[in-house]
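Please look through the structure below with its sequence at hand.

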2 protein chains.
Amino acid sequence: MATASAWKDDQVAATKATRNTAKGVHLWLLLWKATRVQEAHARRSVEAMGLCLTDFGVLEALLHKGPLPVNTLGKKILISSGSMTAAIDRLEGQGLVVRKDSPVDRRARIAHLTTKGTDLIQRLFAEHTRDMERAFSCLDGTEKEQLATLLRKVGGEVDGMAPLSDRAHSSKKRGES
Amino acid sequence: MATASAWKDDQVAATKATRNTAKGVHLWLLLWKATRVQEAHARRSVEAMGLCLTDFGVLEALLHKGPLPVNTLGKKILISSGSMTAAIDRLEGQGLVVRKDSPVDRRARIAHLTTKGTDLIQRLFAEHTRDMERAFSCLDGTEKEQLATLLRKVGGEVDGMAPLSDRAHSSKKRGES
DNA sequence: GTGCTGTATCTTGATGTCGAGATAAGTGGC
DNA sequence: GCCACTTATCTCGACATCAAGATACAGCAC
């Protein structure tokens with residue numbers, strides 16, 4: 001069956017009672033599993049080049065947005081500052097990025113793609129694009145559109161979101177919830 | 001501005017050209033970020049009880065499906081056998097589950113919830129249900145339905161899927177119970 | 001029974017991430 | 001200039017995951 005079996009019983013129960021109590025968790029489960037499945041895919045192609053998924057995310061962000069401070073990068077791909085340092089260390093060690101001092105903020109280090117890094121991520125990204133195209137080929141155009149819209153809602157204001165940690169003093173100021 | 005900014009340029013380009021080349025990667029990014037956001041939520045409530053997300057998954061599966069062999073459990077929640085051993089070790093150490101020998105297969109160890117474990121997961125699950133309900137409250141009933149359907153497609157035959165590793169010799173042969 | 005192949009679990013080593021704390025530098029008030 | 005507060009990055013310890021190999025048992029053929 002196509003259903004996530006862990007929930008079969010609940011699903012049946014929910015259907016019968018037309019309750020939506022279990023809907024949220026159910027969606028979460030589906031979201032998680034779908035991601036795991038695709039993640040395994042993505043990881044395979046990326047690890048063959050000696051990168052992890054995070055590294056790929058970093059390179060990709062640099063490719064499409066240009067040089068960025070380490071911290072900004074971390075917020076984009078939703079990982080903590082500690083992990084960012086490690087990630088940039090890895091990439092710098094492989095000669096794919098370099099850290100340069102910011103001209104306007106002496107605390108900040110700006111990550112730049114090297115030529116080698118640009119080459120790699122461009123190839124990898126093209127390949128990844130094809131892979132993902134295949135991965136989502138089970139959906140037609142309309143469905144993809146729908147899914148994108150729904151995920152955007154669920155993901156919330158992703159772009160402005162703080163990473164997993166370092167959110168103790170998120171600039172929420174005061175007016176919230 | 002709700003868009004995942006890393007892709008803004010591609011998105012614009014894709015819209016203009018009505019190409020679907022970038023659609024797949026875009027969806028993958030959205031999927032990943034939405035999951036990360038929700039995962040951070042889920043993790044918080046679970047870690048407060050001294051569990052990680054995997055442990056929660058194990059307990060939940062046991063709660064809703066009854067005692068299961070370690071291996072079966074691993075396939076349900078999509079983690080490797082090595083991680084499963086570690087997970088069960090953790091849970092057993094906390095007195096939440098116990099391993100018992102299988103009456104039909106002397107290789108297998110069956111994980112059972114203890115009373116303490118049952119109590120904990122029931123409370124935790126109820127709480128988690130509420131959290132997830134809130135997390136997905138931005139969607140109405142129809143949208144949830146749509147999302148569930150789409151995710152099921154993307155996740156593929158999740159239920160029958162092998163975990164990330166240990167997939168080298170998946171016995172696809174023929175006789176699948 | 002013997003041998004062969006596949007399965008279930010555990011062991012070990014490498015790696016990536018988080019979280020908290022440390023250091024350095026920007027910001028604004030006095 | 002001096003002060004407190006915030007921000008950017010890094011350091012370090014704890015921990016979860018994976019991958020590959022080891023061990024024990026199952027199931028079948030001969």
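In this predicted model, B:L78 counts as buried because it has 20 C-beta neighbours inside 10 Å, and the cut-off for a buried residue is 20 or more. B:L78 sits in the loop that joins α4 (70-77) to α5 (81-93) of chain B. Its phi is positive, about 65°, although B:L78 is not a glycine. Most residues other than glycine have a negative phi. In chain A, the loop between α4 (70-77) and α5 (81-93) holds A:L78. A:L78 also has a positive phi of about 65° and is not a glycine. With 21 other C-beta atoms within 10 Å, A:L78 is buried.

The 15 residues of α7(A) should span 21 Å at 1.5 Å a residue, and the C-alpha atoms at its ends are 21 Å apart, so expectation and model agree. The buried residues of this helix are A:L147, A:A148, A:L150, A:L151, A:V154 and A:G155. What covers them includes α2 and α7 of chain B.

A:L151 is buried because 24 other C-beta atoms lie within 10 Å. Which residues does A:L151 contact, leaving aside its neighbours within four places in sequence? They are B:L30, B:L31 and B:A34. By contrast, A:I121 is 30 residues from A:L151 along the chain, and the C-alpha atoms of the two are separated by 26 Å.

A:L151 also belongs to the largest nonpolar core, which has 32 residues. Within this core, A:L31, A:L151, B:L31 and B:L151 touch the most other members. Two or more residues of the core come from each of α2 (23-47), α6 (115-135) and α7 of chain A, and likewise from each of α2 (23-47), α6 (115-135) and α7 (141-155) of chain B.

The last stop is a helix pair in chain B. Helix α3 (residues 53-65) packs against α6(B) at an angle of about 105°, and the axes are 10 Å apart. Therefore α3(B) is roughly perpendicular to α6(B), as angles of 65 to 115 degrees count as such. On the α3(B) side, the contact is made by B:F56, B:L59, B:E60 and B:L63. From α6(B) come B:G117, B:T118, B:I121, B:Q122, B:L124 and B:F125. By class, the contact of α3(B) with α6(B) has 6 nonpolar, 3 polar and 1 charged residues.

Definitions and conventions
Residues are numbered from 1 along each chain as its sequence is written. Chains are lettered from A and ligands numbered from 1 in the order in which they are written. This is a predicted model: local features need pLDDT of at least 70, side-chain atom pairs count only at pLDDT 80 or more; totals for chains, interfaces and linings use all residues. A residue is buried if 20 or more other C-beta atoms lie within 10 Å of its own, exposed if 12 or fewer, and partly exposed in between; C-beta atoms are placed from the backbone. Two residues are in contact if their C-beta atoms, placed from the backbone, lie within 7 Å. A nonpolar core is a set of buried Ala, Val, Leu, Ile, Met, Phe, Trp, Tyr and Cys residues joined through C-beta atoms within 7 Å. Helices (H or I, at least four residues) and strands (E, at least two) are DSSP runs, numbered from the N terminus. Axes are lines fitted to C-alpha atoms, for helices over the stretch in contact, and angles run from 0 to 180 degrees between N-to-C directions. Angles under 35 degrees count as roughly parallel, over 145 as roughly antiparallel, 65 to 115 as roughly perpendicular and the rest as oblique. Ala, Val, Leu, Ile, Met, Phe, Trp, Tyr, Cys and Pro count as nonpolar, Asp, Glu, Lys and Arg as charged, and the others, Gly among them, as polar. The expected span of a helix is 1.5 Å times one less than its number of residues.
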